[in-house]
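Take a look at the sequence and the model, then read on.

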Amino acid sequence: TRIAVFISGSGSNLQSIIDNIENDNLNCEISYVIADRECFGLERAEKHGIKSIMLDKKLFGKNLSDEINAILENDTERTDYIVLAGYLSILSENFINKWNRKIINIHPSLLPKYGGKGMYGIKVHEAVIANKEKESGCTIHFVDNGIDTGEIITNVKVPVYENDTPEILQKRVLEKEHILLIEGIKKLLEQ
Ligand code: GRF
């Protein structure tokens with residue numbers, strides 16, 4: 001089974017996938033790492049000999065996902081599933097429909113709370129703290145045509161402490177993401 005991993009940032013979630021595959025804890029291979037901008041995650045892929053492609057969202061605009069689909073569909077080796085791991089571009093309706101129930105996303109909150117447009121990265125944790133939540137966490141869900149709205153596959157909770165800063169909370173959640181993502185991919189591969 002082959003998965004493409006889409007990234008936009010440091011790629012620590014991608015690194016968790018790579019590590020788990022390499023230590024035989026995850027039975028699949030990565031067909032492509034695809035980024036919508038220059039980012040450190042591309043270096044992680046290259047270091048592990050994984051095919052990586054950067055398609056600049058500033059150049060492709062709304063055609064970005066159709067360009068990605070052309071690459072995946074024309075490749076001699078097929079891609080079975082797509083994992084969005086800190087990917088920040090919106091996929092077109094056409095793309096979502098072609099890959100129906102084959103795309104999962106990891107989001108750093110307990111969806112449906114603190115999801116949607118503009119809710120990504122540190123912004124999520126700032127909002128959780130501003131609202132004095134007692135707990136937060138991360139969620140794996142199927143990607144549908146909304147933003148962070150698809151059917152939830154699994155989630156995990158973390159406590160929010162009185163004097164947490166957004167950075168401290170982000171670190172606590174990110175550590176859980178790295179574990180939850182592997183569980184989510186296993187469920188995806190089992191379906
Ligand atoms: C992080 O904010 C993480 O919570 C979310 O996407 C961002 C990128 O993480 N899933 P990384 O690029 O995998 O380190």
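Lysine 132 sits in the loop that runs between H6 and strand S6 (135–142). Helices and strands here are DSSP runs numbered from the N terminus (H or I, at least four residues, for helices; E, at least two, for strands). The phi of lysine 132 is positive, near 55 degrees, in a residue other than glycine. Is lysine 132 buried or exposed? With a relative accessible area of 67%, lysine 132 is exposed; the cut-offs are under 20% for buried, over 50% for exposed and in between for partly exposed (1.4 Å probe, protein chains only).

A word on the source: this is a predicted model, where local features need pLDDT of at least 70 and side-chain atom pairs count only at pLDDT 80 or more, while totals for chains, interfaces and linings use all residues. Residues are numbered from 1 along each chain as its sequence is written, and side-chain values use heavy atoms, with hydrogens and water left out.

## The loop between S5 and H6

Now for another loop, the one between S5 and helix H6 (122–130), where you'll find lysine 113. Proline 112 is in the loop between S5 and H6 too, and a cis peptide bond, with omega about 10 degrees, joins leucine 111 to proline 112. Tyrosine 114 also has its place between S5 and H6. Tyrosine 114 isn't a glycine, yet its phi is positive, about 60 degrees.

How covered are these residues? Lysine 113 counts as partly exposed because its relative accessibility is 44%, whereas tyrosine 114, at 14%, counts as buried. Lysine 113 and serine 136 are 23 residues apart in sequence, and their C-alpha atoms are 9.3 Å apart in space.

## Helix H1 and what covers it

After H1 comes aspartate 24, which has a positive phi near 60 degrees.

In soluble globular proteins, nonpolar side chains tend to be buried together. A nonpolar core is a set of buried Ala, Val, Leu, Ile, Met, Phe, Trp, Tyr and Cys residues joined through side-chain atoms within 4.5 Å. The largest one here has 38 residues, and Ile3, Ile17 and Ile30 touch the most other members. H7 gives the largest share of this core, 7 residues.

Setting aside residues up to four places away in sequence, isoleucine 30 touches Ile3, Val5, Leu14, Ile17, Ile18, Ile21 and Ile50. Apart from this core lies another, of 18 residues, including Leu55, Leu64, Ile82 and Trp99.

## The pockets

A pocket is found on a 1 Å grid over the protein atoms alone: it is an open set of points where a 1.4 Å probe fits, with protein on both sides within 12 Å along at least five of seven lines, and lining residues have an atom within 4 Å of a point. The largest pocket has a volume of about 900 Å³, where volume is the space filled by probe spheres set on the points, and points are joined across faces, edges and corners. Its lining has 38 residues, with Gly86, Tyr87, Leu88, Asn105 and Tyr120 nearest the centre. H1, S5 and H7 are the elements that give two or more residues to this lining.

The second largest pocket has a volume of about 160 Å³.

## What the record says

UniProt's unreviewed entry places a "binding site" at Gly11, Ser12 and Asn13. The lining of the largest pocket takes in Gly11, Ser12 and Asn13. UniProt positions follow the numbering used here, feature names are shortened, and annotations may be inferred rather than shown by experiment.

Glycine 11 lies in the loop between S1 and H1 and is buried, with a relative accessible area of 8%. Asparagine 13 lies in helix H1 and is buried too, with a relative accessible area of 6%.

Terms used: Contact = heavy atoms within 4.5 Å.
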